[in-house]
Structure formats: C-alpha cells, structure tokens
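Trainee: Please give me a close look at the side-chain contacts in this model. I want charges, rings and the ligand site in one connected account.

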Amino acid sequence: MSRFITFEGLDGSGKSTHLRRVAAQLAARGIPHLVTHEPGGTPLGEALRGLLKGERYGVCDGFVELLLVFASRRQHLRTVIEPALARGETVLCDRFTDSTFAYQGAGRGVPNESIAALDELATGGRRPDRTLLFDLSPEAARERGAGRRRRRGERLDRFDAEQLAFYERVRAGFLALARTEPERFRVLDASGPAGATAALVEAALADLWPGGGE
Ligand code: TMP
C-alpha cells in the first residue's frame, strides 16, 4: 500500500540522511518508492527553489516566499507525488507544507490563516500519512548544517544567514504542529549520534510495513 511520508526539521537536523537510509531499507525489501524533496522535485520547482534560496533576487518578505513554495508544491504534488502514490509507490519527501507553517509562519510571521488559505487553493489541504520531525536545538543544527558547509567552503544561502532566534521560532513552530496532529507526527530526538536517531526512525515507521522494525 502506498504511503506519503515526510521528513521535517531544521537544516542540519539529519532528516535528509535518514530519508536516504529509509529509502535504502525499502529498496532492500523490494518496496516500490520514490525519493523527492521540497521546494523542488520538478524542473519548475528546482527553478523556484533557486529563487527562494538565492541571495540576489531580493525576496522581500515571507509572503513572497509563501507564493514561491506553493507554486513549487502544486506542480510537485500534481506531476510527481500524486502519480507515484497512484502507481502504488511509497513517497519519501524531504519537507512539505509543515515547513511552510514553520518557516514562513512561525519564522517570518505570515499569519497561519493566510498559509492555510493558500494551502487549500494549491493542494486542497493535502497532508502526508506520516511525518517524522527531527527535533534539534538551533545551535546544534547550525553546527551540523551551515557550520559544516562553511568549513567545507560551500556557499551559504539566504536561510543559512538567519539568526538563531529565527530558528528558535521555526523549531517551536514545528513542535506546535506536532502537538496539534499527534496521530500523524512522530517527534524524534535528533541530538544523539546518527545510529541512535536511526533506531528512532525505524521504530517510528515500524507499523507501516510488515516486519517494519527489522
Ligand atoms: P533544504 O532542502 O536544504 O532543507 O532547504 C530548503 C530551504 O527552504 C530550507 O532553508 C527551508 C526552506 N523552506 C521554506 O522556507 N518553506 C518551505 O515551505 C520549504 C519546503 C522550505
């Protein structure tokens, strides 16, 4: 049976690494699946991702960000995610609408009602079947994410340049979402070593596939 599973958290929380690990486990069991991400996942979405993250476009506020991410999301949902689910594949998606409530809502201050209204127009309020939230302090996430990229000499983007206070709000936004939908969310402590978090991930998905905890 197809499932739509999303991986959420701050940049540096380890969500993408664990998503790849889950994909490898599904592949080993012969479970058809699709790995994708937001913003992006389509040619249009990748272009919008560049506009959202780039320093040079002068994105002026959270509303502009909101419009960009939902344009990407609708295209992604209609042309990639829904067709994969219809084919019976499990979709593993790195970020989805929860990121918008956390980043543009809690982080930038766009009212939740505005986000919900656009969400309804763009996706019909589509929600994943399960969402893993990799919870980590902004300090630790920055050290693992932007800090590591800086040391490697990689380019930092507009979100990397935000203050820790912004990420405190984003983290709190994610945790508030998890409290409102406890059936969908699994909040995982991502502060330990990767192996410890991997065990939490397996436990959080164990009921979805037969013998899922193996
Ligand atoms: P990432 O794919 O490296 O995590 O980067 C995506 C960036 O875009 C990240 O900083 C969070 C941001 N973002 C939003 O602000 N709103 C959204 O709805 C999504 C999906 C991502």
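**Side-chain contacts, close up**

Mentor: The charged end of Arg 73 is placed over the ring of Phe 70, 4.8 Å from the ring centre. Keep in mind that this is a predicted model. Arg 73 also lies over the face of Phe 96, with 5.2 Å to that ring centre.

Now the ring pairs. Two rings pair if their centres lie within 6.5 Å. By this rule there are seven aromatic pairs. Take Tyr 103 and Phe 174: the ring centres are 6.2 Å apart and the planes stand at 80°, so the pair is edge-to-face. The cut-off for that label is over 60 degrees. This pair links distant parts of the chain, 71 residues apart. Tyr 103 belongs to helix H4 (residues 97-107), and Phe 174 to helix H8 (residues 164-180). Both Tyr 103 and Phe 174 are buried. They also belong to one aromatic cluster with Phe 159, Phe 166 and Tyr 167.

Next, charge pairs. The structure holds 17 salt bridges. In one of them, Asp 94 meets Lys 15, with the closest N and O atoms 2.7 Å apart. Asp 94 is in strand S3 (residues 90-94) and Lys 15 is in helix H1 (residues 15-28), so the bridge ties together parts 79 residues apart in sequence. Both Asp 94 and Lys 15 are buried.

Arg 184 and Asp 98 form another salt bridge, at 2.8 Å from N to O. Here, too, distant parts of the chain are linked: Arg 184 is in the loop between H8 and strand S5 (185-189), Asp 98 is in helix H4, and they are 86 residues apart. Arg 184 is buried, at a relative accessible area of 4%. Asp 98 is buried as well, with a value of 4%. Arg 184 has a salt bridge to Glu 181 too, with 2.9 Å between the closest N and O atoms. Glu 181 is partly exposed, at 23% relative accessible area. Elsewhere, Glu 65, Arg 108, Arg 158 and Glu 162 join in a network of salt bridges.

Last, the ligand. Of the 14 residues around the ligand, those that come nearest are Arg 49, Lys 53, Arg 95, Thr 100 and Gln 104. A side-chain N or O atom of Thr 100 is 2.6 Å from a ligand oxygen. For Lys 53, a polar side-chain atom lies 3.1 Å from an oxygen atom of the ligand. Lys 15 returns here: one of its polar side-chain atoms is 3.5 Å from a ligand oxygen. On its own the ligand has 480 Å² of accessible area, and the protein covers 92% of it.

Terms used. Residues are numbered from 1 along each chain as its sequence is written. This is a predicted model: local features need pLDDT of at least 70, side-chain atom pairs count only at pLDDT 80 or more; totals for chains, interfaces and linings use all residues. Side-chain values use heavy atoms; hydrogens and water are left out. Rings of Phe, Tyr and Trp (its six-membered ring) pair if their centres lie within 6.5 Å; planes under 30 degrees apart count as stacked, over 60 as edge-to-face and the rest as tilted. Helices (H or I, at least four residues) and strands (E, at least two) are DSSP runs, numbered from the N terminus. Buried means under 20% relative accessible area, exposed over 50%, partly exposed in between (1.4 Å probe, protein chains only). A charge sits over a ring if NZ of Lys or CZ of Arg is within 6 Å of the ring centre and within 35 degrees of the ring normal. A residue is near a molecule or strand if one of its heavy atoms lies within 4 Å of it. A polar contact is a pair of N or O atoms within 3.5 Å; within protein, one must be able to donate a hydrogen and the other to accept it, and residues adjacent in sequence count only if both atoms are side-chain atoms. Accessible areas come from the Shrake-Rupley method with a 1.4 Å probe; for residues, only the protein chains shown count as cover. A salt bridge is a side-chain nitrogen of Lys or Arg within 4 Å of a carboxyl oxygen of Asp or Glu.
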